[in-house]
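I opened this notebook to record what I looked up about aromatic rings and their surroundings. The entries follow the order in which I consulted the structure.

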Amino acid sequence: MPQPDSPSPERFVVIVVRSGGIAGLSKQWRAEPDPERAPRWRELVESCPWDAATTASPGADRYQWRIEVHRGDTAVHRARLGDAQIEGPWRTLVDEVRHAASPSPRER
């Protein structure tokens with residue numbers, strides 16, 4: 001029987017990585033919503049067309065995006081998208097993750 005203090009099995013993590021561009025650098029954002037905000041985040045995640053996501057097409061100086069959703073140690077969704085594909089539900093999810101990510105002092 002789970003303890004009242006144990007983490008919720010509904011807890012999940014959303015990771016967004018943007019790489020490429022002129023300098024070819026990578027930037028990562030991570031959001032781990034609190035349990036009370038989990039329903040909103042689940043809605044954001046499920047609104048994305050994961051099954052229709054195509055592999056990002058490379059191009060000079062273009063950003064490539066990797067989006068992953070993890071529950072526990074398991075990735076439940078993964079997508080690799082080109083910059084032009086980050087629109088609609090994808091854009092909303094990326095923007096929410098970037099907004100929710102709090103930079104740690106180690107990332108400087």
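**Entry 1: the model.** I note at the outset that this is a predicted model.

**Entry 2: ring pairs.** I looked up the aromatic pairs and found that the structure holds 2. One of them joins Trp 29 and Trp 65, whose rings are stacked, with 6.3 Å from centre to centre and 20° between the planes. I then asked which elements carry Trp 29 and Trp 65. Trp 29 belongs to strand E2 (residues 27–31) and Trp 65 to strand E3 (residues 63–71), so this pair ties together parts that are 36 residues apart in sequence.

Entry 3: Is Trp 29 buried or exposed? I recorded a relative accessible area of 9% for Trp 29, which is buried. Trp 65 also counts as buried, at 3% relative accessibility.

**Entry 4: the edge-to-face pair.** I turned to Trp 50 and Trp 90, which form an edge-to-face pair, 4.8 Å centre to centre with 80° between the planes. Trp 50 is in the loop between helix H1 (38–46) and E3, while Trp 90 is in helix H2 (residues 89–100); the pair links distant parts of the chain, 40 residues apart. I found Trp 50 buried because its relative accessible area of 10% falls under 20%. Trp 90, at 5% relative accessibility, counts as buried.

**Entry 5: charges over rings.** I looked up where the charged end of Arg 18 sits: over the ring of Tyr 63, 4.3 Å from its centre. The charged end of Arg 71 sits over the ring of Phe 12, and I noted 5.7 Å from the ring centre.

How values were computed:
Residues numbered from 1 in each chain as written. Predicted model: local features only at pLDDT ≥ 70, side-chain atom pairs only at ≥ 80, totals over all residues. Heavy atoms only, no water. Phe/Tyr/Trp six-rings, centres within 6.5 Å; stacked < 30°, edge-to-face > 60°. Helix = DSSP H or I, 4+ residues; strand = E, 2+ residues; numbered from the N terminus. Buried < 20%, exposed > 50% of the residue type's maximum accessible area, 1.4 Å probe, protein only. Lys NZ or Arg CZ within 6 Å of the ring centre and 35° of its normal.
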